[in-house]
Amino acid sequence: MTLRFDVLIIGSGLAGQAAALRLARTRKVALISKRTLEDSASSWAQGGIAAVLDNRDSIEAHIRDTITAGAFLNDARATRFVIENGRRAVDWLIEQGVPFTRDEGGYHLAREGGHSARRVIHVADTTGLAVQNTLTSLIRRQPNITVLENHIAVDLITGGKLGLNEQRCHGAYVLDSTSGEVLTLGARNTLIAAGGAGKVYLYTTNPDTSTGDGIAMAWRAGCRVANMEFIQFHPTCLYHPQAKSFLISEAVRGEGGRLLLPDGSRFMPRHDPRGELAPRDVVARAIDFEMKKRGLDCVYLDISHKPAAFLAEHFPNILARCLELGIDIARQAIPVVPAAHYTCGGVVSDLRARTDIAGLYVAGEASCTGLHGANRLASNSLLECLVFAEAAASDILQQPAGDLPPLPAWDASRVSDPDEEIVIAHNWDELRRFMWDYVGIVRTTKRLQRAQNRVRLLAREIDDFYSHFRVSHDLIELRNLVVTADLIIRCALRRHESRGLHFSRNYPETLPRARNTVIRRRPRRGLED
């Protein structure tokens, strides 16, 4: 089946939904969701949205905090662009009806690690969920938006694949996971808003949908990818056998939470003068160091010195979830471990969210705008989603109308149903384990080379599987995870220093000049330049 739209949006998190709503007044939009509109990494965001909303704060201070956290690798123009548009982005969400938490002075602003001021507007500790629910209700009432839930993009349709001279994106092949049919979705403009790649690691705070799909598709289509070595490990993921990927928000430390060893002593002041308010990369490495040094399964985050009423007001979701697991955070410390949390690199884009391919845009965690540098400052991610969703929509609305070339249907005539699904499950598990062991918080060249050898063996096996068997949801995700893992390893091997989230025992020093790691495919051999 072939369907045609003005705009195709791949991904239904904040970036995708915000762009869809801005475009739908005058354009026919298809919004692709791997599961339902409510299932995205955006909806899991607890902390909030960083923006300069207080007269005691300033644009320059927010920029300075962002660049300091980013280890001075940030793009200056992109950083200023995002932060200067922060208030407008928040105002737009307020206009849509997002119920941000208030106090006697207006909206309550939290302070998180790495920030020099209170500037994080939030909805208690479930900001992402509240924003997603608000926008989802608007999306479902918008007649110009066709929502395709339980659909996963297979690959982009480009001029090169159609035998045309122009390098332009004309849509994508998309699998209906329910029926098994691959649809051909044509569009003059396509926005990748498919999120990050946390599921490439064994332990992650991300939902199961975060498999690097957008990054992998754009790479296969010929886009440059940058800074994939910078994977942010959130310092505080709840350590409990029944707690799958449950995040303990940065805001807990921002409100006075203290990190403790099992004997009750603090350790962060020994690692950084900012203590628990140091940026995430510093805190994650400190926890990793203490756990390995002492053979610990976890460390502890203690906020029990705060009044119970304060905790109930500011962290109701964390309080409730921990109580379900027998942990009363008003009386006892929370066991925590680091976990893969955010992909700071991604598909290279400009200030209009444009990629290297005409008609193809990217926004959100799948992108590399230059905002995050070598480490994302807390609560800048939802802000980036909003600002670049608007930038993409604005640019798309300025594009002249154009006809699409004939788009061939997906050819499944030469493939058969897979004979052994266990191959996919086994490879998925193997990939995530060796990425955790060899490409984690602290790296060595030898570990990275081992990981590269193993990921390339997996890639050959999966490519062979993909060529001979009918595509499935799990196979598409595994294929994308292997591509993404390879990109992370390639970038990590190229960086001969330690900076931000990338720490190498072989290159512990930081070079005087910060440089991006940018890789591209050679058209015929599929290798980076």
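Tutor: Let's start with terms: strands (E, at least two residues) and helices (H or I, at least four) are DSSP runs, numbered from the N terminus, and two strands pair if DSSP finds at least two bridges between them. This is a predicted model, where local features need pLDDT of at least 70, side-chain atom pairs count only at pLDDT 80 or more, and totals for chains, interfaces and linings use all residues. Residues are numbered from 1 along each chain as its sequence is written, and side-chain values use heavy atoms, leaving out hydrogens and water.

Student: Which residue stands opposite Asp-155 in S10?

Tutor: In general, strands of a sheet pair through backbone hydrogen bonds, either parallel or antiparallel. Here, Asp-155 faces Tyr-173; S9 (residues 151–158) and S10 run antiparallel, joined by 6 bridges.

Student: And how many bridges join S10 to S11?

Tutor: There are 5, again with the strands antiparallel. Val-174 has Leu-183 of S11 as its bridge partner. S10 and S11 make a hairpin with 5 residues between them, and Gly-180 in the turn has a positive phi of about 85°.

Student: Why is S10 largely enclosed by the rest of the structure?

Tutor: Buried means under 20% relative accessible area (1.4 Å probe, protein chains only). For S10 (residues 169–176), 8 of the 8 residues are buried, so the strand is largely enclosed.

Student: In what order do the 4 strands of the open sheet come?

Tutor: The order is S19-S17-S12-S22, with mixed pairing. S19 (367–368) and S22 (518–519) are the edge strands, each pairing on one side only. Within the sheet, S12 and S17 pair in the antiparallel sense over 2 bridges, and Ala-226 sits opposite Gly-346 in S17.

How values were computed
Buried means under 20% relative accessible area, exposed over 50%, partly exposed in between (1.4 Å probe, protein chains only).
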